[in-house]
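Hello,

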Amino acid sequence: MSYAANNRGLVTCFVENASARSGIAKRPGVLRRVLDLLFESRQKQADRDIARFLSRSGGRLTDEMERELTQRLFRGNWNPR
């Protein structure tokens, strides 16, 4: 019997060994880093807006507040002020 090895398994094995031997970690590209920064910035802004909205409403996250937050976020007319 003959056996044909899966080339995907061989390639990942050699690539992992080569990167481990070189000691160099592959950094994400410039576009990926910019997009990550944009996403992180938007996430922090959303967190601040939600915290402001909750503090204005008494600081409790009730079912009604969660429903209102979800409706505002999905409709796109988010204005926590």
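How many helices and strands does the protein chain have? It has three helices and zero strands, in the order α-α-α from the N terminus. Helices (H or I, at least four residues) and strands (E, at least two) are DSSP runs, numbered from the N terminus.

This is a predicted model: local features need pLDDT of at least 70, side-chain atom pairs count only at pLDDT 80 or more, and totals for chains, interfaces and linings use all residues. Residues are numbered from 1 along each chain as its sequence is written, and side-chain values use heavy atoms, without hydrogens and water.

Of the 81 residues in the protein chain, 7% are buried (under 20% relative accessible area, 1.4 Å probe, protein chains only).

Asp49 sits in helix α2, residues 30-56. Asp49 has a relative accessible area of 8%, so it counts as buried. Its side chain makes a polar contact of 3.1 Å with that of Arg52 (N or O atoms within 3.5 Å, one able to donate a hydrogen and the other to accept it).

Now the helix packing. α2 and helix α3 (residues 63-75) pack at about 140°, with axes 12 Å apart. Axes are lines fitted to C-alpha atoms over the stretch in contact, and angles run from 0 to 180 degrees between N-to-C directions. On the α2 side, Ile50, Phe53 and Leu54 make the contact (heavy atoms within 4.5 Å). Their α3 partners are Met65, Glu68, Leu69, Arg72 and Leu73.

Best wishes

Key: Buried means under 20% relative accessible area, exposed over 50%, partly exposed in between (1.4 Å probe, protein chains only).
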